[in-house]
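Me: I would like to learn how to read a pocket and the ligand in it. Could we take them in turn?

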Amino acid sequence: METHKQLTIGLFGFGVVGEGLYKILKQKPSFNATIKKVCIKNPGKRREAPEELFTTDRDAILNDPSINVVVEVINESGPAYEIVSTALKNGKSVVSASKKMIAEHLPELLELQQRTGESFLYESAACASIPVIRNLEEYYDNDLLHSIKAIVNGSTNFILTKMFEEKLGFREALDLAQKLGFAESDPKLDVEGFDAVNKWSFLLTHAYGIVEKTENLVFSGIQFVQGRDADVAREKHFDIKLVAQAKKLESGKVAAFVLPQFIKQDDHLAFVKNEYNGVVIESGFADKQFFYGKGAGSFPTASAVLSDLSALRYQYKYEYKKLYHHTPHELDG
Ligand SMILES: NC(=O)c1ccc[n+]([C@@H]2O[C@H](COP(=O)([O-])OP(=O)(O)OC[C@H]3O[C@@H](n4cnc5c(N)ncnc54)[C@H](OP(=O)(O)O)[C@@H]3O)[C@@H](O)[C@H]2O)c1
């Protein structure tokens with residue numbers, strides 16, 4: 001088996017995440033990974049990196065045999081899938097942050113991983129800096145994971161926090177989230193719950209072996225939450241959060257949804273503010289565990305990409321244990 005001692009990276013995308021990764025690798029030469037080429041869309045943009053690094057030609061990376069890792073962090077789902085699938089077919093390991101693309105193409109991506117035997121890692125795509133995928137994949141036995149409840153969208157959580165704590169208007173809070181790089185370029189993706197349900201769809205695969213299209217999951221965003229709702233919640237010592245939840249029922253099936261919920265102020269998730277994400281896992285004998293960290297932003301997201309890169313050094317792959325090694329759970333309803 002090949003050992004990826006030296007990682008030679010072809011990077012797609014030099015935006016919030018891509019540039020973050022570039023800067024981190026520059027700060028950490030000991031990591032021993034080189035970005036050989038960066039493919040972007042608009043060649044005219046000013047970038048804080050040597051000009052000769054950039055190309056608009058995908059094949060300059062995909063057909064370069066000296067590049068053994070592709071990092072795909074672009075913001076267009078269709079091209080992202082083409083890049084990732086070609087890279088896997090060309091024998092490269094792939095790290096991606098593109099949750100929309102992963103949610104839309106999970107069955108094909110599962111098949112490609114099986115067929116090519118290449119690693120496809122995407123820890124940063126859900127909850128950015130929190131290692132939730134690897135935890136679900138490696139730590140929790142099939143029978144012991146009772147429920148998982150999470151705030152997976154930093155941007156809506158930021159907006160709700162600003163509406164609650166600083167009484168900002170919805171638009172004002174959204175503008176601020178976008179300015180700080182926490183929001184998707186298309187705000188509808190965050191606000192109407194699409195981003196959260198995208199992440200939830202593949203987290204359900206790692207948690208319970210469920211492979212389901214997002215349109216078959218119940219979800220809503222925060223588009224109907226109004227200042228008045230915040231007032232009522234505050235009066236009754238509740239917060240409003242956009243919560244993604246999955247719970248094993250007595251029937252053995254799993255109920256899963258993403259919905260705004262009233263959360264008691266002593267709930268773990270009430271502690272999760274601004275662009276932070278949080279995950280509460282209930283498992284047999286362990287009771288509740290709470291994971292907390294930044295769910296968006298340049299360095300926090302790039303830090304998860306970096307962790308995936310370092311996992312590639314020992315050929316780490318997701319085994320999708322709950323899907324392939326157990327009888328996958330069925331979705332309720
Ligand atoms: N931002 C976050 O906090 C965060 C967190 C987790 C996951 N993600 C995911 O990570 C991905 C990147 O997000 P981002 O915030 O870094 O996006 P971004 O700041 O909008 O940057 C996107 C980059 O992709 C490039 N690009 C777009 N289409 C391309 C194409 N067809 N071929 C080559 N390059 C292309 C753009 O090129 P130009 O520079 O030439 O325009 C730009 O450099 C997205 O899938 C996002 O959902 C982001």
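Me: How much space lies in the largest pocket?

Reply: On a 1 Å grid over the protein atoms alone, a pocket is an open set of points where a 1.4 Å probe fits, with protein on both sides within 12 Å along at least five of seven lines. Here about 1,300 Å³ of space lies in the largest pocket, a volume being the space filled by probe spheres set on the points. This is a predicted model, in which local features need pLDDT of at least 70 and side-chain atom pairs pLDDT 80 or more, while totals for chains, interfaces and linings use all residues. Residues are numbered from 1 along each chain as its sequence is written, and side-chain values use heavy atoms, without hydrogens or water.

Me: Which residues lie nearest the centre of the largest pocket?

Reply: Lining residues have an atom within 4 Å of a point; of the 50 here, V73, I74, N75, E76 and S185 lie nearest the centre.

Me: Which residues are closest to the ligand?

Reply: A residue counts as near a molecule if one of its heavy atoms lies within 4 Å of it. The ligand is surrounded by 25 residues, with F14, N42, K45, R47 and G297 the closest.

Me: Which polar side-chain atom lies 2.6 Å from an oxygen atom of the ligand?

Reply: A polar contact is a pair of N or O atoms within 3.5 Å. The atom at 2.6 Å belongs to K45, while R47 has a side-chain N or O atom 2.7 Å from a ligand oxygen.

Technical notes. A polar contact is a pair of N or O atoms within 3.5 Å; within protein, one must be able to donate a hydrogen and the other to accept it, and residues adjacent in sequence count only if both atoms are side-chain atoms.
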